Amino acid sequence: MRTGFPDFRLGSVLATSFTGTLSERYGNAVERIPTPHRLVDWLAVNGLAVDSCTTAQLELARELRESIHAAATAAAIQDALPASAVQVINDRSAQGRAAAILTPEGKRRWQLSSASCVEDALGVIAADAISIIAGERDGKLALCASPSCQAAFFDTSQSRTRKWCDMNTCGNRQKKARFNANQRRRSAE
């Protein structure tokens, strides 16, 4: 893993984890895949290892990321899906040629058509986005309650009432701000 870059925010849902490679969208945005090599790192961490990535492939990845974010946000607020976002997601899904492989341990692993085929990895991410946006999986799309984040995430909690995309970042930051505000209010009394 290359150093000098912000940590990845990893979740259990591939598509929404991918949208998290740009965080704090409504605050001081943090780009977590600023270079092609960093996209290679993210893909490897998520079981989609490729040997290399070009600048053009990084741009395809970012276009897919933003399209997933737009469609997932619309789905979370029960709005119409943006046609341009749907087209990008569908195009990336159709262009990928990855195959699901069953390991001897009973786990799914993705086999890409070649070690340099970023498009195959993007196809897997797009297919994952389709499954959550289409409502095929047990859970619901929601938006992070942090005003500076508002990331779409897939809530699989039992009550489906999760408020934060990530408790360790957005949730803790909001709880700390609320605690500090209460402390200031109490000391002013």
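Visitor: Which residue lies over the face of Phe 154, and at what distance from the ring centre?

Guide: Arg 137 does, at 5.6 Å from the ring centre. The cut-offs for a charge over a ring are NZ of Lys or CZ of Arg within 6 Å of the centre and within 35 degrees of the ring normal.

A word on the ground rules. The model is predicted, so local features need pLDDT of at least 70 and side-chain atom pairs count only at pLDDT 80 or more, while totals for chains, interfaces and linings use all residues. Numbering runs from 1 along each chain as its sequence is written, and side-chain values use heavy atoms, without hydrogens or water.

The term needs a side-chain nitrogen of Lys or Arg within 4 Å of a carboxyl oxygen of Asp or Glu. Arg 137 is partly exposed at 29% relative accessible area. Asp 128, at 14%, counts as buried. Here buried means under 20%, exposed over 50%, and partly exposed in between, with a 1.4 Å probe and protein chains only.

Now widen the view. The count of salt bridges comes to nine. In one of them, the side chains of Arg 25 and Glu 66 meet at 2.6 Å, N to O. Arg 25 sits in the loop between strand S1 (22–23) and strand S2 (30–31), and Glu 66 in helix H3, so this pair ties together parts 41 residues apart in sequence. Helices (H or I, at least four residues) and strands (E, at least two) are DSSP runs, numbered from the N terminus. Arg 25 is buried at 17%. Glu 66 is partly exposed at 30%.

Glu 31 and Arg 65 form another salt bridge, with the closest N and O atoms 2.8 Å apart. It links strand S2, which holds Glu 31, to helix H3, which holds Arg 65, 34 residues away. Glu 31 is partly exposed at 23%, whereas Arg 65 is buried at 3%.

Leaving aside neighbours within four places in sequence, it is among the contacts of Phe 18 (heavy atoms within 4.5 Å). Others on that list include Leu 39, Trp 42, Leu 122 and Ile 125. A search of the whole structure finds one aromatic pair. Its rings, Phe 18 and Trp 42, have centres 5.0 Å apart and planes at 55°, so the pair is tilted. Phe 18 lies in helix H1 and Trp 42 in helix H2, so the pair ties together parts 24 residues apart. The rule pairs rings of Phe, Tyr and Trp (its six-membered ring) with centres within 6.5 Å; planes under 30 degrees apart are stacked, over 60 edge-to-face, the rest tilted. Phe 18 is buried at 0% relative accessibility. Trp 42 is buried at 0% too.

Last, the core. The largest nonpolar core has 33 residues, and Phe 18, Leu 39, Leu 43 and Ile 125 touch the most other members. Elements giving two or more residues include helix H1 (14–19), helix H2 (36–45) and strand S6 (152–155). H5 gives the most, eight residues. A second, separate core of eight residues includes Cys 144, Cys 149, Trp 164 and Cys 165. Such a core joins buried Ala, Val, Leu, Ile, Met, Phe, Trp, Tyr and Cys residues through side-chain atoms within 4.5 Å.
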